[in-house]
Amino acid sequence: MTDNDTKLLCLIGDPVEHSLSPVMHSAIFEKLDLDCFYLVLRVEREWLEASVKGLKALDCLGFNVTIPHKVAIVEHLDEVSEEASTIGAVNTVKNEDGILKGFNTDGTGAIKALEEKTKIKGKRAILVGAGGAARAIAFHLALEGAGKLVIANRTVEKAQALASEVKDMTGIETDACALKEDELKKIISESEILVNATSVGMHPDVDKTPIPKTLLHPGLVVMDIVYNPLETPLLREAKNVGAKTVDGAAMLVHQGAESLKIWLSIEPPLEVMRKAVLEVLEK
Ligand code: ATR
């Protein structure tokens with residue numbers, strides 16, 4: 001139920017129809033009895049600027065930003081956090097008395113999800129992917145003090161560019177390689193954390209994995225950002241060899257929780273958010 005004091009939060013992106021953010025956030029509003037409403041708005045590229053102005057004019061408390069606007073949004077904001085500016089992308093905006101401030105909670109969300117299973121400091125990590133999601137995670141792994149970070153990507157030039165950028169900005173040891181079995185073999189055998197930040201394994205390609213199962217070993221913590229399906233072939237095969245796993249819903253919930261902290265200064269109960277997400281995913 002909304003009333004005259006209801007605070008508006010929303011998601012802008014395109015496509016947005018399969019987003020789990022509304023159920024996740026609405027579950028918290030209900031649980032904590034918060035007078036807020038989370039709306040999903042499909043915004044095409046050419047309407048981004050007008051939409052942002054409109055949300056400001058309507059005194060929207062804050063919004064999430066998703067594909068394809070995470071980078072383009074930056075120039076329409078009044079301020080951007082240091083973290084989001086380093087990553088070059090924003091997924092959360094807070095409206096503070098007409099000042100729009102941009103944040104990035106994707107990287108923090110991934111780190112918090114990983115930290116449920118492992119420390120990061122000093123650990124050797126391999127990150128698969130070099131797109132927007134990988135970028136946020138790469139900087140955060142480095143800032144958390146990963147011992148070494150190797151970025152593996154189908155287009156190796158993108159992995160090399162990201163690896164050298166992370167090294168220059170954080171000083172940690174980085175390397176890059178192609179997504180090829182012979183190149184991955186030694187690196188994975190020496191790694192303690194493996195994160196898939198590509199869309200490989202996502203519905204409808206539910207039998208695909210970015211990493212051959214023969215390369216997985218029990219000394220790894222394996223995280224997949226794909227949450228649909230919840231158990232990707234990568235996670236299933238990791239479990240089969242005795243590795244610890246972190247699913248994409250964990251990251252989704254943590255990044256959502258970080259957004260709620262920014263907007264409302266609350267500590268949302270994570271289990272309520274996860275339950276709401278799983279109810280939809282398991283349907
Ligand atoms: P996002 O913002 O979700 O990270 P993106 O920026 O388009 O999306 O990045 C997608 C990532 O998934 C890239 O690392 C991409 O590899 P390329 O840089 O070589 O394109 C990776 N990716 C997508 N489909 C893939 C596939 N079938 N095999 C391997 N990597 C794939």
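Close-up 1. Strands (E, at least two residues) and helices (H or I, at least four) are DSSP runs numbered from the N terminus. This is a predicted model, in which local features need pLDDT of at least 70 and side-chain atom pairs count only at pLDDT 80 or more, while totals for chains, interfaces and linings use all residues. Residues are numbered from 1 along each chain as its sequence is written, and side-chain values use heavy atoms, with hydrogens and water left out.

**Close-up 2. Strand 8 between its partners, strand 7 and strand 9.** Strand 7 (residues 124-128) pairs with strand 8 in the parallel sense over 5 bridges, pairing being assigned if DSSP finds at least two bridges between two strands. Strand 9 (residues 173-178) also runs parallel to strand 8 and is joined to it by 6 bridges. V150 of strand 8 is the bridge partner of I126, and V150 also stands opposite D175 in strand 9.

**Close-up 3. Helix 4 and its covering elements.** Helix 4 (residues 106-114) is mostly covered, with 8 of its 9 residues buried, among them D106, T108, I111 and L114. The elements that cover these buried residues, by contact (heavy atoms within 4.5 Å), include helix 3 (82-87), helix 5 (132-143), strand 10 (193-196) and helix 9 (248-264).

Key: Buried means under 20% relative accessible area, exposed over 50%, partly exposed in between (1.4 Å probe, protein chains only).
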